[in-house]
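Morning, everyone. I have one model to walk through, and I'll keep it short. Please look at the screen.

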Amino acid sequence: MADYRSGACSGFDYAAFWTGSLLRGVAAQIVAARARGFDPREAFVCGLLADVGELALATAQPEAYAELLGHAGQMRARLRRAERERFGIDHAELCVELLQRWTLPAALVQAVRDFHARAVQRPATWLLTLAEAIARGAAAHASPAWQQVALDAAARLGFGAGDLNVLAGAAVREAAQWAPLLALPVAAVAAADYQEYASPARAGDGMVPTLSVVIADDNDDDRDLMRHALVRAGHSVHAVASGQEALEAFLAVLPQMIIADWDMPKMDGGGAVPHASRDAPRQGPLRDPAYCPRGRPRSHGRYRSRSG
């Protein structure tokens with residue numbers, strides 16, 4: 001690690017990379033020790049190295065990767081597309097190849113593959129998802145949606161909100177003990193804006209109505225955060241990555257709400273929503289659905305959201 005604490009890639013935040021990796025690795029180890037069927041040492045290695053493909057690209061192609069980061073930033077879907085166009089492989093695929101070359105257990109390699117594909121099916125992938133959510137949630141000014149992801153993943157592993165508070169606190173405290181040895185900044189769980197995990201009100205419990213929702217966003221993280229939060233709250237959610245898919249989902253699912261990003265390739269939210277309004281039947285739940293545009297419109301500045 002000492003050899004890769006800094007490097008020549010000007011657009012790559014080495015400290016943030018290692019801080020997040022350490023928090024994720026420690027969280028994976030602590031969760032594995034409490035859950036059944038996992039080796040805590042293997043879980044730590046898996047969590048620590050789950051994003052090593054990013055570091056590999058920044059090390060092997062520092063100037064080219066800095067340029068890609070400058071254009072795509074932290075929007076992972078766009079970054080991965082740009083990586084494949086430029087290098088013929090993206091950081092998630094490279095990560096899996098490296099873990100296979102380093103002979104990590106096949107089950108953990110598969111968990112990392114599913115983790116990057118957002119194909120959360122196996123317990124090991126839920127473990128990594130929970131570790132990632134704990135790491136993201138521990139950061140200063142973290143999005144509250146990461147707490148919903150953590151609560152959802154924890155529930156899949158048999159943990160409640162109280163268990164999650166214990167796990168998250170233990171992970172951050174242990175990471176903080178390691179940080180000075182590694183010259184890394186690690187957020188404290190007692191930060192001023194830290195909110196303890198608590199089970200949210202769910203749709204259908206008499207307080208929150210159940211909704212059918214279509215989410216359209218090409219940013220993997222944003223889309224998954226919204227999906228996790230809404231599913232956790234008990235809503236029915238169909239998540240897609242483009243405006244064209246949103247249009248198809250709208251006509252197939254007949255949602256009561258659409259959450260669409262304005263800025264997507266091919267057809268963006270500002271294009272999909274008017275098409276859906278024009279093509280959808282006018283009876284039933286589609287009589288007056290709620291449209292919730294996200295981001296800043298590029299060419300549809302006059303279009304305004306409406307809600308029913």
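I'll start with the whole protein, then take a few places one by one.

First, the ground rules. This is a predicted model, where local features need pLDDT of at least 70, side-chain atom pairs count only at pLDDT 80 or more, and totals for chains, interfaces and linings use all residues. Residues are numbered from 1 along each chain as its sequence is written, and side-chain values use heavy atoms, with hydrogens and water left out.

Now the overview. The protein has 13 helices and 4 strands. Those are DSSP runs, numbered from the N terminus: helices are H or I, at least four residues, and strands are E, at least two. Of the 308 residues, 49% are buried. Buried means under 20% relative accessible area, exposed means over 50%, and partly exposed is in between, using a 1.4 Å probe and protein chains only. Next, contacts, meaning heavy atoms within 4.5 Å. Take those between residues at least 6 apart in sequence: 66% of them join residues at least 24 apart.

On to the aromatic rings. Rings of Phe, Tyr and Trp (its six-membered ring) pair if their centres lie within 6.5 Å; planes under 30 degrees apart are stacked, over 60 edge-to-face, and the rest tilted. That rule gives 4 aromatic pairs. One of them is Phe-12 with Phe-17, a tilted pair, 5.6 Å centre to centre with 45° between the planes. Phe-12 and Phe-17 are both buried. Phe-17 also pairs with Trp-18: the centres are 5.1 Å apart and the planes sit at 80°, so this pair is edge-to-face. Trp-18 is buried too. Ring pairs link Phe-12, Tyr-14, Phe-17 and Trp-18 into a cluster.

Next, a helix pair. Two packed helices are described by the angle between their axes and the distance between the axes. Helix 4 (residues 62-72) and helix 5 (residues 76-87) pack at about 145°, with axes 9 Å apart. Axes here are lines fitted to C-alpha atoms, for helices over the stretch in contact, and angles run from 0 to 180 degrees between N-to-C directions. Helix 4 contributes residues including Tyr-65, Leu-68 and Leu-69, while helix 5 contributes Arg-78, Leu-79 and Phe-87, among others. Arg-78 is partly exposed, at 23% relative accessible area. From Arg-78 to Leu-68 is 10 residues in sequence and 9.5 Å in space, C-alpha to C-alpha.

Now His-116, in helix 7 (residues 106-117). Is His-116 buried or exposed? His-116 counts as buried, because its relative accessibility is 5%. Its side chain reaches the backbone oxygen of Ala-50 at 2.6 Å. Setting aside neighbours within four places in sequence, its contacts include Asp-51, Arg-76, Arg-80, His-91 and Cys-95.

Contrast Thr-103. This residue sits in the loop between helix 6 (91-101) and helix 7. Thr-103 counts as exposed, because its relative accessibility is 65%. Its phi is near 60°, a positive value in a residue other than glycine. Most residues other than glycine have a negative phi.

Last stop, helix 12 (residues 243-253). Its buried residues are Gly-243, Ala-246, Leu-247, Ala-249 and Phe-250. Seen down the helix axis, they fall within an arc of 165°, so they line one face of helix 12. That arc is taken from the directions from the helix axis to the C-beta atoms. Just after helix 12, Leu-254 takes a positive phi of about 55°.

That's the tour.

Definitions and conventions: Polar contact = N/O pair within 3.5 Å; in protein donor to acceptor, adjacent residues only side chain to side chain.
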